[in-house]
Amino acid sequence: MTKSGLIGGIFVALCVGGAAAAFAIAWRPAIAAVDPPRPQSFDASLVKRGRELAAIGNCGDCHTLRGGKSFAGGLPVPTPFGTIFSSNITPDPETGIGRWSETAFRRAMRSGVDRDGRHLYPTFPYDHFTNVSDEDDAALYAFMMTREPVRAPARENQLSFPLDHRVFVAGWKLLFLHRGSYRPDSAKSAEWNRGAYLVEGLAHCGACHTPRNALGAERVSASFAGGDVDNWQAYPINAQSPSPVPWDADALFTYLREGSHPDHGTARGPMTQVVSNLSQVSSSDVHAIATYMADVFGAPTPDRRRQGEAALAQAKSAPAAPLQANAAGASIYAAACATCHESGRPPPYGGINLGLSTAVASPDPRNLANIVLSGVRPVEGERSPIMPGFAASMNDAQIVALLNFLRARFSNQAPWAGVEKIVEDARRTQTALLQTSAGPRDAPADASQRNKP
Amino acid sequence: MMTLKVNGQTYQIDAEADTPLLYVLRDDLKLNAAKFGCGLGQCGSCTVIIDGKAVLSCVTPLVLLEGKQVTTLEGLGTMSEPAPIQRAFMEEQAAQCGYCIAGMMMRAQALLQKNSKPTDDEIRTELQPNLCRCGTHMRILRAVRRAARLMDTAELSPSNQGSAR
């Protein structure tokens, strides 16, 4: 055999071996289709538990198109790699998961593989759902299989080569999917462990609140250090939290349960749906989440505590004279904002004193720009705050003046840089966003329906 | 002193920069179509059109209006020559107490100026910020649909007053 022949042989052998290894890693068998189980075959209490779990998992938010049928999918999810459309998880036999057995459902939750054996993109947060217990997967399955089947074919993802090939997802999983259910920490309380199980698993809080690396995976070393979602900043919810008043378990519970807290303000943007969901689940689970997250935030340093007390004292005292340096911003604030934000009524009945606003104190002005442009829409069937949007009455320069005024007047942080560009981007994206979102829609308007399976 | 353009006329207004437009319209210019409802931008009764867009005048300070055109209901039509939107609301008897109606008409007008054939869904979504306590919503919907038809044929009608000045 010649030398080049030998090299060629080794090359072929490597290719074949590599392909075989890749195949072994990537290939997953199909799981046999079943006849759609009859809704009556599920125990009502299991379905009810599944409803609460689906609310904690916020399943409906991604799997429902704004204004569309619940869980029928089709929502475009923009990622740095292209747009992925959520799938139909109603029990429709042809276009949904009607022919999935519980085993197939559990495999999808555990390892992100659909019934046919295709790898699912990690926009579906199975890196968290892998922690969900068998019992909870069974309840979720019972809930999903008893929903109204909706015929809604999947929309084609818009991913560029080579990511449009699902085999690459197998490689991603090798790197970033750490399978295994949640292991309790015996040094902590049962409540803390329940919270950790939910937060790290089904509730997948880190999917938005943890920054991602170049391959789109959560950076383990920066857990809960803040991320991006739908052109909003998901705030850091660890020791780096920019909130003027430090969070504690009680405040977290109130905020997650009721959607707002007098010292912190109101959930908005993508968080609106999350708190709306958590108002419907058992309060012990929300307490558990609050307990665990309070630990993730950590006890505030004495310095941080002092700053929080100062912010609260200032918010309760008479408003200081406005700075004259930014007359345009001050005038806009006085006429457009102060009537609610200095009303003295706690949220949701009045606007939060902006000295307590995380949006004003955050290093990232995007959330404030979004909220000034679009306002806060009322949530159907709930006691929720509303704020008019100012996109139609303020131009970009005026919003920039207002944002700079709020930053100088209500925080002790350095001025923001590049506010002009951020306002311009926010105006463009909020216009696009409003076309797909009409606010939360699958919270039953009749609160008495919430406990029904 | 600041310059304000309302319904095609230019006014010199002696007011602070942070004065809400609604106060100037009602108190200084005596244009009383826009109503004070909540004063918090939550009910829509103060809606006017600024540069083609529906805006809540109670939370719009004068400082925002430099170089902009304000249109109030008075700028659309008159008693004797009502604009299509006003005719349509009268013909459908859309007003009960009437307090919200000027705001409803202004927001509907802004919608029809950018979308001459809105669907029912589009009308409902657009009018969502405007509240009506009397419950004439079905008549208001009919009136907006009627106005869309009237505007469609407005070129042929003698009262071609519908476009915001």
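Trainee: Which residue ranges does the domain assignment of chain A give for domain 1 and domain 2?
Mentor: This is a predicted model, in which local features need pLDDT of at least 70, side-chain atom pairs count only at pLDDT 80 or more, and totals for chains, interfaces and linings use all residues. Residues are numbered from 1 along each chain as its sequence is written, while chains are lettered from A and ligands numbered from 1 in the order in which they are written. The bounds come from an automatic or database domain assignment, which for chain A gives domain 1 as 24–176 and domain 2 as 190–438.

Trainee: How many residues does the contact take from domain 1 of chain A and from domain 2 of chain A?
Mentor: The C-alpha centres of domain 1 and domain 2 of chain A are 30 Å apart. With contact defined by C-beta atoms, placed from the backbone, that lie within 7 Å, domain 1 of chain A contributes 23 residues and domain 2 of chain A contributes 22 residues.

Trainee: Which element gives the largest share of the side of domain 1 of chain A that touches domain 2 of chain A?
Mentor: Elements are DSSP runs numbered from the N terminus, with helices (H or I) of at least four residues and strands (E) of at least two. On this side of domain 1, at least two residues each come from α2 (44–56), β1 (76–79), α5 (126–129) and α7 (167–176) of chain A. The largest share, 4 residues, is that of α2(A).

Trainee: At what angle do α4(A) and α6(A) pack, and how far apart are their axes?
Mentor: Two packed helices are described by the angle between their axes and the distance between the axes. The axes are lines fitted to C-alpha atoms, for helices over the stretch in contact, and the angles run from 0 to 180 degrees between N-to-C directions. For helix α4 (residues 102–111) and helix α6 (residues 134–145) of chain A, the values are about 115° and 10 Å.

Trainee: How many nonpolar, polar and charged residues make the contact of α4(A) with α6(A)?
Mentor: The contact is formed by Glu102(A), Phe105(A), Arg106(A) and Met109(A) of α4(A), together with Asp134(A), Asp137(A), Ala138(A) and Tyr141(A) of α6(A). Ala, Val, Leu, Ile, Met, Phe, Trp, Tyr, Cys and Pro count as nonpolar, Asp, Glu, Lys and Arg as charged, and the others, Gly among them, as polar. By class, the contact therefore divides into 4 nonpolar, no polar and 4 charged residues.

Trainee: Turning to chain B, what radius of gyration does this chain have?
Mentor: Chain B holds 5 helices and 5 strands, which follow one another along the sequence as β-β-α-β-β-β-α-α-α-α. Its C-alpha trace spans about 40 × 35 × 25 Å along the principal axes. The radius of gyration is taken over C-alpha atoms, and the globule rule is 2.2 Å times the number of residues to the power 0.38. For 165 residues a compact globule would have a value near 15 Å, and chain B agrees with this, having 15 Å.

Trainee: Which strands of chain B stand at the edges of the sheet?
Mentor: Strands count as paired if DSSP finds at least two bridges between them. The 5 strands form an open sheet of mixed pairing in the order β2-β1-β5-β3-β4 (chain B). Each edge strand has a single partner, so one of its sides is left without a neighbour in the sheet, and these edge strands are β2 and β4 of chain B.

Trainee: Which residue in the turn between β1(B) and β2(B) has a positive phi?
Mentor: Strand β1 (residues 2–6) and strand β2 (residues 9–13) of chain B run antiparallel and are joined by 5 bridges, with Leu4(B) partnered by Tyr11(B) and Val6(B) by Gln9(B). The two strands form a hairpin with 2 residues between them, and the residue with a positive phi, of about 50°, is Asn7(B).

Trainee: What is the bridge partner of Lys5(B) in β5(B)?
Mentor: β1(B) also pairs in the parallel sense with strand β5 (residues 69–71) of chain B, over 2 bridges. In that pairing, the partner of Lys5(B) is Gln69(B).

Trainee: Which strand of chain B gives the most residues to the side that touches chain A?
Mentor: The contact takes 20 residues from chain B and 15 residues from chain A. On the side of chain B, the most, 4 residues, come from the strand at residues 53–56, which is β4.

Key: Two residues are in contact if their C-beta atoms, placed from the backbone, lie within 7 Å.
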